[in-house]
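Try each task before you read its solution.

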Amino acid sequence: MESTQLLRPDDLALLVDGLMQGPLGEMEPLARHIFGLRLEQFLPDVLRPLTILYGSHPQFPTILHRLLGQVAQGYAHRSEPLRLLDIRRMQEPDWFQKPEMIGYVCYTDRFAGTLSEVAAKIPYLQELGVTYLHLMPLLRPRPGQNDGGYAVQDYRAIDERLGSMADLADLAGQLRQHGISLCIDLVCNHTAKEHEWAQKARAGNPTYQAYYLMFPDRTLPDAYEKTTPEVFPDFAPGNFTYYPEIDRWVWTTFNEFQWDLNYANPAVLGEMLDIILFLANQGVEILRLDAVAFMWKRLGTDSQNQPEAHAILQLFRALTRIAAPGLLLLAEAIVSPDKLIPYLGRGEATNKECELAYHNVLMVLLWSALAERKVGLLTYALQQLPVIPTQTTWLTYIRCHDDIGWAVTDENAAAVGLNGFAHRAFLSQFYTGRFPGTFAKGATFQYNPKTQDRRVSGSLASLAGLEQALANQDEYEIDLAVRRILLLHNLILIYGGIPLLYMGDELGLLNDHTYLEDPDLVNDNRWLHRPLMDWAKAEARQNITTITGRIFMGIQQLLQARQQLPALHAQALTVPVWTHNEQVFGLIRDSPRGRVLILANFSERPQPISRDHIASMGLKGGLRDHLTGFTITRQPHLHLDPYQVVWLAVSNEP
Ligand code: GLC
């Protein structure tokens, strides 16, 4: 049914009137007008996904009224500084696409201690030019095991070890004063089984049982299991858990203690919207929406990336645009390339879904090229990606708190002469140190005997060879490992989007085995790469004669170079090109702001690239490398050192 048919014009006028008298009644006329304008602008974007989700619901108009009422409340409670921020963001809609943007990701406790202690680390973040800070899960988790904070017991409270909600709001304000936008996680696919809603459901309350996906017997769970993959086959096999106290099977995609929410129930969507607005009003500028691919289930499918999951995100987006347009939504969907792009919006939803998404495909391909010393798959697979909407961008990264899953499709592998299955197995072996001659030291995460899939844990430095090289006291290998670390960082800085530095990688921190001593963490080896910040080591960061200094200063230099190069704006086209050298990756960034050709040597041997080939990539004449400042005029070949990257532009010099 068309959404317009679901709502009579009179209803709408009444609704707006009700909002103006009700939640917005106390506001200044100008503030109310602004709300009215935004409502008018975004209402079609609300109705479209709302119809996909609840178009056939008998209470459709009531659902809409309730949601808009919540939005009006959220707007009325938004502080003046935040309403000004909204206006600023709307005046500069590409603020998050600029090359000045640099992200940093850390755990509050592991980085600084408490939320109020994070403020003391702002100067450190400024040394790196950070403008975006993602503090890993900090809303109150269940006690004991909590999947690194992704099992939330209370979305309106902070983990007491870290501080209070007032501390969060205070920190958000302090960060903003220093030009840093705060990002936090919103786990919207599931709650902890200790969450108030789940507790009521466990006590037998049918209203709250309808918040989750519960089944009286195995009939439907068995039917779903036929096509639904397992996320944690090792420590949480299957997708359902039986609870004898309620005699129900509950959908638990992740761990037993994480209960999937039922978004087919509009009350759940309303609750989550309230939480989103509440967090936005604390000054959070970016919400990382966790595990969004799983938010809608459908029999006979893998219950991931369903159209309704996209509709939920589009609805969140349109509704928050009315109340808090400064807020950005970040999709955490670690899925295959073809499934990934739609999270940034496509078709009618172009520029109307999430503004940001993680580029897990780039991350995987970079590791793949590094192991293979060949760039064919990297180049080809990136070339297949469609362009993304103009008002969105990627978060580019090399490591995060999760494992690496080898998201290489069989089709892409076959196109460059590889067998997908064998290549993924090779990558697992290589990065877990089981492939002859490998430099990497990682660990297998969640071996799945059914699919033979092996994901990988390990810190960036350990996966890039530093741990092994240090153990062997091999200066040559140490040098190569440092170069690899810089190469990987370099590529996430130029690709297009906000590059994320993962805490400790800027110092080359190695795998951390201390999690083995904690009974709540011991089963999950992702803690191998979630170290404590090593502030003692950080002391050496400006000493170029140390390994730490080489890594930190190397990254710092790259970050500064990025911030000064307008051609790297996220709106510039990103075009991977063949360089006629299997070891050298080529990428053009092109826009009216300028054209840059990035060439990256993925091998430990020097590599030549002919000037003719560079000219055929569209850069004719004298060239200048932005990183070293060197100009290249008459030489017939350009020579790249082991793992060297250059950022070439046509030089104005004769
Ligand atoms: C996301 C998180 C991951 C967590 C999962 C379940 O993928 O990044 O750490 O285990 O969601 O919440």
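Predicted model: local features only at pLDDT ≥ 70, side-chain atom pairs only at ≥ 80, totals over all residues.

Residues are numbered from 1 along each chain as its sequence is written, and side-chain values use heavy atoms, with hydrogens and water left out.

**Exercise 1.** Find the domains into which the protein chain is divided.

*Solution.* Start with domain 1, which takes in 95-189 + 267-563.

**Exercise 2.** Check the span of helix H1 (residues 9-21) and list its buried residues.

*Solution.* Helices (H or I, at least four residues) and strands (E, at least two) are DSSP runs, numbered from the N terminus. The expected span is 1.5 Å times one less than the number of residues. For the 13 residues of H1 that should give 18 Å, and the end C-alpha atoms are 19 Å apart, which agrees. Now look for buried residues (under 20% relative accessible area, with exposed over 50% and partly exposed in between; 1.4 Å probe, protein chains only). In H1 these are Asp-11, Leu-15, Leu-19 and Met-20. Their cover includes helix H2 (29-54) and helix H3 (60-76). As background, an α-helix has 3.6 residues a turn, so residues three or four places apart point the same way.

**Exercise 3.** Is Leu-139 buried or exposed?

*Solution.* First locate Leu-139 in strand E3 (residues 139-141). Leu-139 counts as buried because its relative accessibility is 4%. Then look for contacts (heavy atoms within 4.5 Å): beyond four places in sequence, the partners of Leu-139 include Val-152, Tyr-155, Ile-184 and Leu-279. Tyr-155 is 16 residues away along the chain, yet 5.6 Å separate the two C-alpha atoms.

**Exercise 4.** Which polar side-chain atoms lie 2.9 Å or 2.8 Å from an oxygen atom of the ligand?

*Solution.* Begin with the surrounding residues (a heavy atom within 4 Å), among them Asp-147, His-190, Phe-232 and Arg-526. Then read off the distances to a ligand oxygen atom: 2.9 Å from a side-chain N or O atom of Arg-288, 2.9 Å from a polar side-chain atom of Glu-332, and 2.8 Å from a side-chain N or O atom of His-401.

Definitions and conventions: Domains from an automatic or database assignment. Polar contact = N/O pair within 3.5 Å; in protein donor to acceptor, adjacent residues only side chain to side chain.
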